[in-house]
Amino acid sequence: MVTEKLFYQDQYLGRFTANVMKADYDGSKQFYVVLDQTAFYPTGGGQPHDTGTLNDIEVYNVEEIDGELRHFLREPIPSGSECVGEINWERRMDHMQQHAGQHILTAAFEEELGYKTLSFHLGEELCSIDLATEFLTNDDAIEVEKIANLMIIENHPIETRWVTSEEIGHYKLRKELSVTDNIRLVIIPDFDYNGCGGTHPSSTGQVGSIQVLHWEKQKKHIRLYFVCGRRVRKQLHVKHQIIRSLTSKLSAPQEELVPAVNRLLEEMNEMERANTELRTKLLEYEINELMENLEEIRGYSILKNTYHNRSMTELQQLAKNIIAQSVGTIVLFINETADKLQVVCARGNELPISMNQLLKQALPIVNGKGGGNDLIAQGGGEKLMPSVDFMNHIHEVVVESLMNDIENS
Ligand SMILES: [Zn+2]
């Protein structure tokens, strides 16, 4: 069932009439129709499909499958009926601009620097080409962008021609062809000859402009992002919005933004350094205060304390600092949050009790989990009791272990 492709006769056709030759559901229960002729471009050749309406019903996808050009519709229309098709023109024109812009940019890179385009992608927001080079300088990118935009300003015609495989030898093509018959050439005379099945405007001027955005190194090539036509203005608006917001937040004009941010970062680093110093000092004071309330049990000392919403990292640091100074001490910290009870326990080198073991014995009472080693362990569980009761429970386990150890030795 061959559909006549009206977009190859007139790429500016935005409205057409056609007959529905087939109406059916595909394997995934999506309704589609096949028409005798259509201006809807199906996904292919790197160009996304058109959208629009058939008899005011939304066409959300157009694909060529099993030799059929399928229009996927939100609601069914019967086979044999006549319909009016309407192309979402903004979307199509955007695709034509991006696609033709890609041809121009690819040609400019190859002519100017000898970098071939390996593949391209026309995305929803950005387009990209993969260039056969491992590096690209800023100056080179700017120069190629300039040449590409010159091609646009000079407003060269963009022609298409159907040729046979014999005729193809007369043209110096940009890329090897993937098809051998029904070859469609897209030509910018004296500049670019390409086998391509996509839609393009009839002259380079309609691309509007090309803007290279950024590029990144892939394994063996460079992926370069760009936009054409209306998307250039859109990018400018977005970037300008961001700059305006930053100039007001940083109280600096556009050209002063980078130094202003650098100053800010330096100040932040300085403050972080000062903050770390202060915290260390504060911990020292805290330790001294805690050490005044040690509980002595048969030659060992236990230090316990409970906290609310304290950082576990900080409590671990605090416990480590204490056992480093006081090798005969066991530290028991409990931290209470909105819905959890957390524990940090640590011991000095000289003690015969394993903190990991202790935690495994103490945590089940709050359905808790945790782990660590003999010297320090941490964990947490549900808030099933007041923190003071949980502390008493852990304390009992510790005292019991210490007593056992003393009896055994
Ligand atoms: Zn093309």
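Close-up 1. In β12, Ile183 is the bridge partner of Val163. The model shown here is predicted: local features need pLDDT of at least 70, side-chain atom pairs count only at pLDDT 80 or more, and totals for chains, interfaces and linings use all residues. Residues are numbered from 1 along each chain as its sequence is written, and side-chain values use heavy atoms, with hydrogens and water left out. Strand β12 (residues 183–188) runs antiparallel to β11, and five bridges join the two. Strands (E, at least two residues) and helices (H or I, at least four) are DSSP runs, numbered from the N terminus; two strands pair if DSSP finds at least two bridges between them. The open sheet has three strands in the order β11-β12-β13, with antiparallel pairing. β11 (159–163) and β13 (192–195) are the edge strands, and each has a single partner, so one side of each is left without a neighbour in the sheet. On average, neighbouring strands of this sheet are turned by 25 degrees against each other, direction ignored.

Close-up 2. Five bridges join β9 (residues 117–122) to β10 (residues 127–131), and the two run antiparallel. In this pair, look for Ser119, which stands opposite Asp130 in β10. Next, β10 pairs with β15 (residues 222–228), again in the antiparallel sense and over five bridges, and Ile129 stands opposite Leu224 in β15.

Close-up 3. Axes are lines fitted to C-alpha atoms, for helices over the stretch in contact, and angles run from 0 to 180 degrees between N-to-C directions. Contact means heavy atoms within 4.5 Å.

**Close-up 4. The second largest pocket.** This pocket has a volume of about 340 Å³. Of its 15 lining residues, Asp94, Glu124, Glu125, Arg231 and Lys234 are the closest to its centre. A pocket is an open set of points on a 1 Å grid over the protein atoms alone where a 1.4 Å probe fits, with protein on both sides within 12 Å along at least five of seven lines; lining residues have an atom within 4 Å of a point. The volume is the space filled by probe spheres set on the points. α2 (89–113) and α4 (230–250) each supply at least two lining residues, and α4 gives the most, with five. By class, the lining has eight charged residues (Asp, Glu, Lys and Arg), four nonpolar (Ala, Val, Leu, Ile, Met, Phe, Trp, Tyr, Cys and Pro) and three polar (the others, Gly among them).

Close-up 5. The chain is divided into domain 1 (4–87), domain 2 (93–237), domain 3 (252–293) and domain 4 (294–408), with bounds from an automatic or database domain assignment. The centres of domain 1 and domain 2, taken over C-alpha atoms, are separated by 28 Å. Eleven residues of domain 1 are in contact with 14 residues of domain 2.

**Close-up 6. Arg310 and its contacts.** Arg310 is found in the loop between β17 (300–308) and α6 (312–325). Not counting residues up to four places away in sequence, Arg310 touches Leu283, Glu286, Leu315 and Asn335.
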